[in-house]
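This report is meant for a reader who is meeting the structure for the first time. Please look over the sequence and the model before reading on.

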Amino acid sequence: MATRIGITGIAGRMGRLLAEEVAAAGAALAGGTRRGEDPAPLFAASDVVIDFTHATAATAHAAAAVAAGKPLVLGSSGLSPAEEAAVAKAARQVPVVYAANFAPGVNLFLAIAERMAAALPPEQYDAEIVEMHHRQKVDAPSGTAVALGRAVARGRGTTLEAAGIESGRDGHTGARGTGTIGFAALRGGQVVGEHTLLFAAGSEHIALTHRSFDRRVYATGAVRAALWLQGRAPGLYDMKHVLGME
Ligand SMILES: NC(=O)C1=CN([C@@H]2O[C@H](COP(=O)(O)OP(=O)(O)OC[C@H]3O[C@@H](n4cnc5c(N)ncnc54)[C@H](OP(=O)(O)O)[C@@H]3O)[C@@H](O)[C@H]2O)C=CC1
Ligand SMILES: O=C(O)C1=N[C@H](C(=O)O)C[C@H](O)C1
């Protein structure tokens, strides 16, 4: 029997593409919800649910996954520490793939970012992350930019919070802090998603850029993650697990 996949926020930009990719993968669309609807019936009718809606919905959707005993693929960005903690708690009872970006190239980028950061001393190389997205995006910096920042911090043997964040500089900011990680977010037009990680030293710069031209790449990855979750033990997984990049 085909895997039944449910989609929260099915009328959204990602929701519509996810429905197409469920069919393309030979799975069955169990149904979808719109904003304000009770997610419980969808979780009950699904083998796995994919959630690309909004950060503020993540806690309720994680709770619905636990109540129904169903795996969850979570792609929403901009989650607060409390919302991420709620997802991690749910993942003790059901398997969850939570990824900032479901594009394979970005997940390779994250791995390379960590290695670059480990090789380039923070006293000499300032790490700056620049992202650009479509004018409708409601959170900044993007989830992917935050994931890149976390990868750089990991490579440097620290955390993003401990390294220090310089985001959205404006006015009399003072000089850049050594070892901090900088973020800049651009919004305009219909840019699907662009991320650049720059290491800037006195005598050289090295930059890596990823560009998505079609958000279908995220939908394909999320459906792949949903199918990969079938039969998994409870736990908090990432796209690198789905792609076998661990
Ligand atoms: N991890 C990844 O690879 C990717 C992540 N994303 C993330 O996915 C999310 C959705 O993006 P996108 O599809 O472009 O956004 P859209 O605004 O196009 O779609 C979001 C959908 O979710 C619904 N929704 C909004 N808030 C809630 C809520 N509180 N509860 C239930 N449903 C809700 C909306 O309903 P309504 O229409 O009524 O507002 C809408 O149908 C964003 O957080 C985005 O950053 C996007 C692409 C890739
Ligand atoms: O909102 C988007 O569109 C995207 N959101 C994700 C993010 O915040 O990183 C992934 C991708 O960049 C598109």
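The structure is a predicted model, and the chain has an average pLDDT of 98, with 100% of the residues scoring at least 70. For the model as a whole, the scores are ipTM 0.99 and pTM 0.98.

The chain is divided into two domains, of which domain 1 covers 4-102 + 215-242 and domain 2 covers 104-212. Their C-alpha centres are 26 Å apart, and where the domains meet, ten residues of domain 1 are in contact with eleven residues of domain 2. On the side of domain 1 that touches domain 2, the elements giving two or more residues are α8 (216-229) and α9 (239-242). That side of domain 1 is made up of four nonpolar, four polar and two charged residues.

Ligand 1 has 25 residues around it, and the closest of them are G9, G12, M14, R35 and H54. Helix α1 (residues 13-24) gives the most to the shell around ligand 1, contributing three residues. The make-up of the two shells by residue class is set out below.

The next feature is a pair of packed helices. Helix α5 (residues 104-119) packs with helix α6 (residues 143-155) at an angle of about 35°, and their axes are 7 Å apart. The crossing in which α5 passes α6 is right-handed. On the α5 side, the residues that meet α6 are V106, L110, A113, E114, R115, M116, A117 and A118, while α6 brings T144, A147, L148, A151, V152, R154 and G155 to the contact. By class, this contact of α5 with α6 has ten nonpolar, two polar and three charged residues.

A last detail concerns the backbone. Most peptide bonds are trans, whereas the bond from A140 to P141 is cis, with omega near -10°. P141 is found in the loop that runs between β6 (126-133) and α6.

Terms used:
Residues numbered from 1 in each chain as written. Chains lettered and ligands numbered in written order. Predicted model: local features only at pLDDT ≥ 70, side-chain atom pairs only at ≥ 80, totals over all residues. Domains from an automatic or database assignment. Contact = placed C-beta atoms within 7 Å. Helix = DSSP H or I, 4+ residues; strand = E, 2+ residues; numbered from the N terminus. Nonpolar A, V, L, I, M, F, W, Y, C, P; charged D, E, K, R; others polar. Axes fitted to C-alpha atoms, helices over the stretch in contact; angles between N-to-C directions. Left-handed = near helix turned anticlockwise from the far one by under 90°. pLDDT = per-residue confidence, 0-100. Near = placed C-beta within 6 Å.
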